[in-house]
Amino acid sequence: MSAPVILTIAFLVFLILGVPVAVSIGLAAIAGMIVAGIPLSYVVQAAYSAVNDFLIIAVPMFVLAGVLMEKGGLTSRLIAFSRTLVGKTPGGLASVTIVACTFFAAISGSGPATAAAIGSIMIPTMIKEGYHKSFAAAITSNAGGIGVVIPPSIPMIIYGITAEVSITGLFIAGVIPGLLLAVALTAVSRIISTRRGYAVANPEGRSLKRIGAAAWEARWALLAPIIILGGIYSGIFTVTEASVVAVLYALFVGIFIYRAITLPGFIDAMSYAVRLTGVVLFVLVSGRLLGRVLTIFQVPQQFSSFMIATFDNPVTLILLIILLLIFVGMWMETLTQLIILTPLLLPVAVSAGIDPIQFGIMFVIACEIGYSTPPLGVNLFVASEISNETVERVSKAALPLIAAEILVLLLVTFIPELSLFLPRLMGLIY
C-alpha cells in the first residue's frame, strides 16, 4: 500500500483507539514517513518550523488578555452597558447576551472564553427571569461563537499562519460578518422570545442619559477594542505587539482602575493561558508535520484536481466545501480542522473564484457554528454546565440559531464584498 493510504488507515485506527486527535495526526504522519522512507529527523525540523513564528505569541497573549479583563471587572460593565442599548424589547436579556458577547469578542479572540465570561453572568440571570434553561444556554453558546469571527481571533491567526495570508486583512474582514451574525442571532432570539413572552431586559427603556451613564461606567472596557484594533489597523503595532498591549492594558485597568485583579486571580489566568497555549502548539506541530508529509505525497494537489474535475460547476463546488466545513466542525476541534483542511480546501476554493481572505472568514464562521453543534461543540458544554441543562436539550434549542448562522455563512460566501470591502478599502487586498 502507498504511504498516503497507510497514513489514512493509521489516523483512523488511532482515533478508534481513543488516542487524542492531535496525537493521532502526528503518529499517522510518522507512520506515513516510515513507509515512504523519509528520515525521522524531518519530524524535528517540522516541529521547529511550526513553532518558530513570531505570530504565535499572539495566541497566549490574547487568551490571557481576555481572562484578565473578565477577572478585572470589565465583563460586568459591558453587560450593564448592553442592557441600556437593548431597552424595552421582548426577550431583552437574550439580546443583552448577544450584544455583550459581541463587545467581549473584540477583546478575547476565543469562542469558549466569550461564552464562559458572559454566560456565567447572563445564564443565571435569564433563568431567574423565567427563560427556559435550554434557551438561555443556547443563546450563550451561539453568541459566544462570535468571539472567533469579530477580531481579534485566535482561529484567524492559525488560519493566517497556515494559509500564509495577512492576519490583519483577516481581522478587518471579520468585522462585517461578525456584526451580521450578531444581528441574525438577535432577530431569531427576539422572534422566539416574543412567542414565549420572555421578560424585557430594561423595563425603563432606552434613553440617551442612561446609555451615556452606562457608557461612561464601561469606558475602560469599551476603550480596549479601540486601542487593540485601532493600533493594528493604523499600523502603530503588529498583531503580536497588539496582543501584548492588550495584556498590559487589562492588567492596568484591573489592578489600578477597578482594583479587582488579585494575585490568585492573576495566577489562574496565567495557568489557563499556558494550558491552552500548550494545546495549540501541540496541534500546530502535528498539523505542520502532517501538512509537510501530505505535500511531499502531493495529496493537496491531487485532491484539488479531483474536486475540480468532478464538480465543474463553481457553485456546486462551493456548496460542497461549505457542507464539508460544517460537517467536520461537528466532529473535530477548531484548530485541528484549520490546520488539516486549509491546505486541502484552499486551492479548491481559489479555483472556484474565492479570495483566500474570504475563504478564511467562511472557514472561521463554519468553526463558529461547530462550537454549538454536537457532539464536540465546546460552547455547548460550557453553556450546559453553567445552566445545569443537558447538552441534548441545549442542542435542540440551538437549532433555529444555527440556521441563522448558516444563512450568514451563505451570504458571506456568495456576496464577497461582505468580507472583502473593508480590507480592500484599507488597501490590504486589491
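How much space lies in the second largest pocket? About 400 Å³ of space lies there. The model is predicted, so local features need pLDDT of at least 70 and side-chain atom pairs count only at pLDDT 80 or more, while totals for chains, interfaces and linings use all residues. Residues are numbered from 1 along each chain as its sequence is written, and side-chain values use heavy atoms, without hydrogens and water.

**Terms**
- A pocket is an open set of points on a 1 Å grid over the protein atoms alone, where a 1.4 Å probe fits, with protein on both sides within 12 Å along at least five of seven lines; lining residues have an atom within 4 Å of a point.
- A volume is the space filled by probe spheres set on the points, which are joined across faces, edges and corners.

**Second largest pocket**
- Of its 17 lining residues, Thr 162, Arg 288, Gly 291, Thr 295 and Pro 343 are the closest to the centre.
- H15 gives the most to this lining, 6 residues (helices are DSSP runs of H or I, at least four residues, numbered from the N terminus).
- The lining holds 8 nonpolar, 6 polar and 3 charged residues (nonpolar: Ala, Val, Leu, Ile, Met, Phe, Trp, Tyr, Cys and Pro; charged: Asp, Glu, Lys and Arg; polar: the others, Gly among them).

**Largest pocket**
- The largest pocket has a volume of about 550 Å³.
- Its lining has 19 residues, and Thr 8, Phe 11, Met 332, Ile 340 and Leu 344 lie nearest the centre.
- H1 supplies the largest share of this lining, 6 residues.
- By type, the lining has 18 nonpolar residues, 1 polar and no charged.

Key
Helix = DSSP H or I, 4+ residues; strand = E, 2+ residues; numbered from the N terminus.
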